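Here is a structure to read alongside its sequence. Keep both in view and follow the paragraphs in turn.

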Amino acid sequence: MAETHQDSGAAGGDFDLSQFYQIFFEEAGENLDLMEQMLLNLNLETADDEELNGIFRCAHSVKGGAATFGFSDVAELTHQMESLLDRLRRHELQPNAAMVDVLLESADASRSLLARHQAGDEGEAMPTADLVRRIAALASGATLEPKAPAPAAAPAPAPAVAAPAPAPATASGQRSLQITVGPLERLEQADAIPELFRDIPGLGTIRALDSPRKGVRAFAVETASTDDDLLDLFTFHVARGQIDIQAMPAAAPEKDPGYGFFDAPAAAPAAAAPLAPAPRPAEPAAGFGFFDGAPGAPAAAASTAAAEPAPAPAAAKAAPRPAAAPVAQPEAATIRVAISKVDQLINLVGELVITQAMLAQNSRALDPAVYQQLLSGLADLDRNTRDLQESVMSIRMIPMSIVFSRFPRMLRDLASKLGKKVDFVTQGEATELDKGLVEKITDPLTHLVRNSCDHGIEMPAERLAAGKSETGTITLSASHQGGSIVIEVRDDGKGLSRTKILNKARERGLDVSDQMTDAEVWQLIFAPGFSTAEVVTDVSGRGVGMDVVKRNIAALNGTVEIDSSEGYGMKVSVRLPLTLAIMDGMSVGVGEEVYILPLSSVVESFQVKAEAVSTVGQGSQLVKVRDEYMPVIELEKVFQVPRFDFEKSSDIMVVVEADGSRVVLLVDELLGQQQVVVKNLESNYRKVPNVSGATILGDGKVALILDTGALVRRSRH
Amino acid sequence: MGMMEKLDDMTTGGAREYLTFRLDQEEYGIDILKVQEIRGYEPPTRVANAPGFIKGVVNLRGTIVPIVDMRLKFNCSKADYNSFTVVIILNLRNRIVGIVVDSVSDVMELPPDALKAAPEIDSVIDSAAVLGLGSLGDRMLILLDIERLMSAPDMGLVGPAD
């Protein structure tokens, strides 16, 4: 048994490590979400420093964490994003839509990579080389902007000062570069550069070339890094101004004396002032940016530009470049707590409430005159436990904005894919919902919003023809109504077509008639495999969907309603209980035992006489309720309830509805309605047929909650 | 795993502490570190379609815990429920289970040399779940691998799916 303990000790160690991972994954996810939001809100023309810095910080945090935990693929990708964002926030580049797109895609890729790591590195890693290359291209792209191609410099005897062409990128993101360093007084400094390539894995390969001139070293480099990064690295050893990076000429690269090398005469004067630090702002210049300003420099200066940059270009470049002052981060107003701790708290408070109820019951017999203090103390306890329970339950509640925030991005992509114009409006983001529910409602809502965008909103031309504005609107709103939350997805699109749905239903052999009310017709679209879309797109239209949406929502004890007006739009309302942890239940007695029925599935209840029940084939029992025969399920038999009092028998019928069918449950008595805290039976025991969970009654006893869906299915077989 | 290896496992750690309890005339011992608490018996809520020795589930401070009557499981001649009937709440890896026993006797430390391998005998207890026999003077202690015993499929505590 000694081993057992060692095992548990080792398991503890693993757990700790994975806990750190978990925190990183959560934080990285939040950072990526935040970055996405900021990118979407970014106004390309007037992007201010704060926004750009914020986006940069997000990428930077993810990169730092990924590198710490050894997720090199994520680190590499986010590093590229960071490089691009860094140039943006330094205003060396002007943000454009292509950048936002590639950054959003990279955020998605990072998420998928992280998800893979989180799942234990299973499955294929998403390839990122293309993204990395695209980001790098955009990051270096600035120098490609038409900045007047240095007419003065071009004829100068130093071809190096010409604005360099972008390094040809190979498929893998590797680029062949020719790097010239010098002229230097101490050539050893340049010799340190190859060491960098040896020391930094993944940087690339370097090969020394013949020195074209005295005091100058040339290297051929294969790398995936941006010029900016290379310069940053090299400046550990050599002043930036003495480094020239050129794309490797396609043919006979090393031997071409006319490309990228200084003529010996030009080098001579330059050697006089070799190492003097350039009088330019200290911040790292952009890739080739050093020479960007060359047009402004006198031609004479061009020959020495490699060694001593003229102040003019530097000044020209010193455009508004506010220092990247750290913006004060908002003080963290939240703490991160494991959900299991909150659940434990909820359990304990539940116990407290039961104890309090017991005390209240026992104290009722006491004489108020004698025990006045005790009784007033108990009254306080009553109030305080109630408040405490409410506050504890509210810990699990999170605002709907968490769900809503994912839709703008999705709609943006979807609308542009479909060529539609859509405005997205959200209302009631602050409405709170249980965390467990929030996670489960996201997918059904996503489906509904996609449906609205794909099927509901028309193409801009169609909208104009119908006399509507070109841009459609999808509204997502949430509000509390009684003990439920109502989430609505509205669009002002073409709405549902009654005739189309009825035709489609007939085609599929469903039992329909023209007399059906609108509401009944709309419910048809929840039938499995039902789609009225004329074209099946990859967005929707395959007919898998609405039935799944309805089933998922029903699994959460919720309902879906549709309201539509052809030509004007459609509204889908999802009604959910506020929390999964608490359910409205109806307690019923069978023999000595108590069972809980979910109130949402109870239709009605009534007393029956034995003769109202008829049998079919000596087995199944049926009862006629208002012209409808329904199967009868005797809970006593299903749960093998022992009978001690043979005078009593089950003569109360409860009609329950689940999965669209109704059955009648036969019970002894109805005990009442109450809110119950739903507990999992399987955490310590196993799945019990026809039971969905358990709860604790006011007297501390456990009662089982019936799975009405399973009971209904049971009656079908 | 052979009997001697099993004993080896047990004895390498030096003396260990066991909680001992009685079922009818027999005395059993289980690793004290698996025991979470000991409480009085309260009638549990019956669960349909469970084997007879699973008495049902109780509320343990908000957690639903199944209760197994070891006396029924081990075919003891009688299983009364009175004020002395005790439930030992076990914490096994990630499950909490309560077992009903006649009484809890003692917590005792057994030196390795007090442990003897159990001979192969025919009994209702799976021999793999018997770690060995402990001798204390004229008392014989049956040491159970309670974790193994409780996770065995015939206990019906875990569903076929998991």
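The text below goes from the whole chain to its parts, and then to the second chain.

This is a predicted model, in which local features need pLDDT of at least 70, side-chain atom pairs count only at pLDDT 80 or more, and totals for chains, interfaces and linings use all residues. Residues are numbered from 1 along each chain as its sequence is written, while chains are lettered from A and ligands numbered from 1 in the order in which they are written.

Start with confidence. pLDDT is the predictor's confidence in each residue, on a scale from 0 to 100. Chain A has a mean pLDDT of 74, and 73% of its residues reach 70 or more. Two residues are in contact if their C-beta atoms, placed from the backbone, lie within 7 Å. Residues 251-330 of chain A also have pLDDT below 50. That stretch has 155 contacts in the model beyond near neighbours in sequence. Where pLDDT is low, the predicted coordinates should not be read in detail.

Now take chain A as a whole. It holds 21 helices and 22 strands. Helices (H or I, at least four residues) and strands (E, at least two) are DSSP runs, numbered from the N terminus. Chain A has 717 residues, and 35% of them count as buried. A residue is buried if 20 or more other C-beta atoms lie within 10 Å of its own, exposed if 12 or fewer, and partly exposed in between, with C-beta atoms placed from the backbone. Consider the contacts in chain A with a separation of 6 or more: residues 24 or more positions apart account for 68% of them.

Helix 19 of chain A covers residues 546-555. Which of its residues are buried? They are A:Met546, A:Val549, A:Lys550 and A:Ile553. Seen down the helix axis, these buried residues fall within an arc of 95°, so they line one face of helix 19 of chain A. The arc is that of the directions from the helix axis to the C-beta atoms. An α-helix has 3.6 residues a turn, so residues three or four places apart point the same way. The buried residues of helix 19 pack against helix 15 (435-456), strand 10 (559-565) and strand 11 (569-577) of chain A. After helix 19 comes A:Asn557, with a positive phi near 65°.

Next come the strands. Strands of a sheet pair through backbone hydrogen bonds, either parallel or antiparallel. Here two strands pair if DSSP finds at least two bridges between them. Strand 12 of chain A (residues 582-590) pairs with strand 20 of chain A (residues 669-677) in the antiparallel sense, over eight bridges. One bridge links A:Ser587 to A:Gly672. Strand 12 of chain A also pairs with strand 13 of chain A (residues 593-598), again antiparallel, over six bridges. There A:Val590 has A:Glu593 as its bridge partner. Strands 12 and 13 of chain A form a hairpin with two residues between them. In its turn, A:Gly591 has a positive phi of about 60°.

Another set of six strands in chain A forms an open sheet, in the order 14-18-19-17-16-15, with mixed pairing. Strand 14 (602-607) and strand 15 (613-616) of chain A stand at the edges, each with a single partner strand, so one side of each is left without a neighbour in the sheet. Within this sheet, strand 16 (residues 620-625) and strand 17 (residues 628-634) of chain A run antiparallel and are joined by five bridges. A:Val625 and A:Glu628 are bridge partners there.

One loop residue in chain A stands apart from these strands. A:Asn690 lies in the loop between strand 20 and strand 21 (691-696) of chain A. Its phi is near 70°, a positive value in a residue other than glycine.

The contact between the chains takes 26 residues from chain B and 25 residues from chain A. On the side of chain B that touches chain A, strand 5 of chain B gives the largest share, four residues.
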